[in-house]
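Here is a short report on salt bridges and the exposure of their partners. The structure comes first, then the details.

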Amino acid sequence: MKLVLKHVENNYAEKISVSDIAQIAGFSESHFMKFFKQHLHTTFTSYLNSYRLTIAARLLLTEDDSILSISERTGFNNLSYFNRLFKKEYQMSPREYRNR
């Protein structure tokens, strides 16, 4: 599990597939997804998105880069998807979060 979490920490801005991460962990995809959920009580995709959103929230408060730039730097290739996930996580848009 430490290898998986370290990989996310070091590569969150890159495309990370369940297939890639399962290979790193030495499991099949289905076994990895079950193992991950058993130990962290969330899906791998939810964990990855949450990690990325945490980094994005920090960047929104500490940097002047555009929201689009920050979303791309944190691994989100689709701005509307980023906005939707951010609002679900923080109950406000990235712009509102930055300006609060």
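This is a predicted model. Glu63 is partly exposed, because its relative accessibility of 27% falls between the 20% and 50% cut-offs. Its salt-bridge partner is Arg73, with the closest N and O atoms 2.7 Å apart. This pair links distant parts of the chain. Glu63 sits in the loop between α4 (44-62) and α5, while Arg73 belongs to helix α5 (residues 67-73). Ten residues separate the two.

Arg73 also forms a salt bridge with Asp65. Here the closest N and O atoms are 2.5 Å apart. Shared partners join Glu63, Asp65 and Arg73 into one network.

How many salt bridges are there by this rule? The count is three. The remaining pair to describe is Lys6 and Glu9, whose side chains meet at 3.4 Å, N to O. Both residues lie in helix α1 (residues 2-11). They are three residues apart, about one turn of the helix.

Accessibility of the partners is tabulated below.

| Residue | Relative accessibility | Class |
|---|---|---|
| Lys6 | 44% | partly exposed |
| Glu9 | 38% | partly exposed |
| Glu63 | 27% | partly exposed |
| Asp65 | 30% | partly exposed |
| Arg73 | 34% | partly exposed |

Definitions and conventions
Residues are numbered from 1 along each chain as its sequence is written. This is a predicted model: local features need pLDDT of at least 70, side-chain atom pairs count only at pLDDT 80 or more; totals for chains, interfaces and linings use all residues. Side-chain values use heavy atoms; hydrogens and water are left out. A salt bridge is a side-chain nitrogen of Lys or Arg within 4 Å of a carboxyl oxygen of Asp or Glu. Helices (H or I, at least four residues) and strands (E, at least two) are DSSP runs, numbered from the N terminus. Buried means under 20% relative accessible area, exposed over 50%, partly exposed in between (1.4 Å probe, protein chains only).
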